[in-house]
Amino acid sequence: MPAGKAGFKSQCETLSGYDACNKKGQPMKRYIGIDVHSKNCVYGCQDKDGKILGKGEFPTQIEGISEFAKKFSIGKECVIGMETGSVTYFVAQELRRFGGEVKVIDAKEVRDKCRNRRQKSDFRDAYEICDGIRRDIYV
């Protein structure tokens with residue numbers, strides 16, 4: 001995976017020319033799930049129909065969060081979910097500066113509602129959070 005300026009890594013080739021607008025030029029609703037860790041955050045992004053728009057990771061630093069927010073054009077059309085953790089509130093506060101709606105979800109609720117409990121990985125956790133906020137299953 002190629003790394004960007006702040007160590008940003010993306011596995012989605014289409015994101016290099018990512019357009020946050022639909023064909024009519026209106027902002028497109030996006031859902032982003034983030035699995036937050038002290039050094040890196042792992043993310044997954046979907047549109048309103050569940051189509052995966054991207055996945056990757058970025059450093060849990062102001063520069064990495066800013067680069068991620070700019071790459072995805074974070075704004076009022078974005079709903080971002082992440083589970084509770086020691087640095088979650090730092091990441092949430094930084095992302096709120098870009099105008100996204102940030103939902104912090106209890107980690108136990110994420111575990112209880114995940115579809116496949118046997119396969120645990122950072123990318124799967126990010127996807128489960130993303131899909132859960134898109135389907136509005138979290139309180």
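This is a predicted model: local features need pLDDT of at least 70, side-chain atom pairs count only at pLDDT 80 or more; totals for chains, interfaces and linings use all residues.
Local features are reported only at pLDDT of at least 70 and side-chain atom pairs only at pLDDT 80 or more, while totals for chains, interfaces and linings use all residues. Residues are numbered from 1 along each chain as its sequence is written, and side-chain values use heavy atoms, with hydrogens and water left out.

## Overall make-up

The protein chain has four helices and six strands. Read from the N terminus, the order of elements is β-β-β-β-α-β-α-β-α-α.

Of the 139 residues in the protein chain, 46% count as buried. Here buried means under 20% relative accessible area, exposed means over 50%, and partly exposed covers the values in between (1.4 Å probe, protein chains only). A contact requires heavy atoms within 4.5 Å. Among contacts in the protein chain with a separation of 6 or more, 57% join residues 24 or more positions apart.

Helix α2 spans residues 88–96, and its buried residues are T88, V91, A92, E94 and L95. These residues lie on the same side of α2, because they cover an arc of only 165° around the axis. The arc is taken over the directions from the helix axis to the C-beta atoms. An α-helix has 3.6 residues a turn, so residues three or four places apart point the same way. On the other side of α2, Y89 and Q93 are exposed. The cover over the buried residues of α2 includes β2 (30–36), β3 (40–47), α1 (62–71), β5 (78–83) and β6 (101–105).

In α1, the buried residues are G64, I65, S66, F68 and A69. Their cover includes β2, β3, β4 (52–59) and α2. S66, in helix α1, has 13% relative accessibility and counts as buried. Apart from neighbours within four places in sequence, S66 is in contact with R97 and F98.

Which residues of α1 and α2 meet? On the α1 side they are I62, I65, F68 and A69, and on the α2 side F90, V91, E94 and L95. The two helices pack at an angle of about 45°, and their axes are 10 Å apart. Axes are lines fitted to C-alpha atoms, for helices over the stretch in contact, and angles between N-to-C directions run from 0 to 180 degrees. α1 and α2 are therefore oblique to each other. Angles under 35 degrees count as roughly parallel, over 145 as roughly antiparallel, 65 to 115 as roughly perpendicular, and the rest as oblique. α1 passes α2 in a right-handed crossing. A crossing is right-handed if the near helix is turned clockwise from the far one by less than a right angle, and left-handed if anticlockwise.

## Cysteines

A disulfide is a covalent bond between the sulfur atoms of two cysteines. It is assigned here to a pair of cysteine sulfur atoms within 2.5 Å, and by this rule the count is zero. C45 is buried, with 1% relative accessibility, and C78 is buried at 0%.

## Positive phi values

Most residues other than glycine have a negative phi. S73 has a positive phi of about 50° although it is not a glycine.

| Residue | Relative accessibility | Class |
|---|---|---|
| S73 | 34% | partly exposed |
| D136 | 56% | exposed |

## V102 in strand β6

V102 lies in strand β6 and, at 11% relative accessibility, counts as buried. Not counting residues up to four places away in sequence, V102 touches I80, M82, A92, L95 and R96. V102 and I32 are 70 residues apart in sequence, and their C-alpha atoms are 9.4 Å apart in space.
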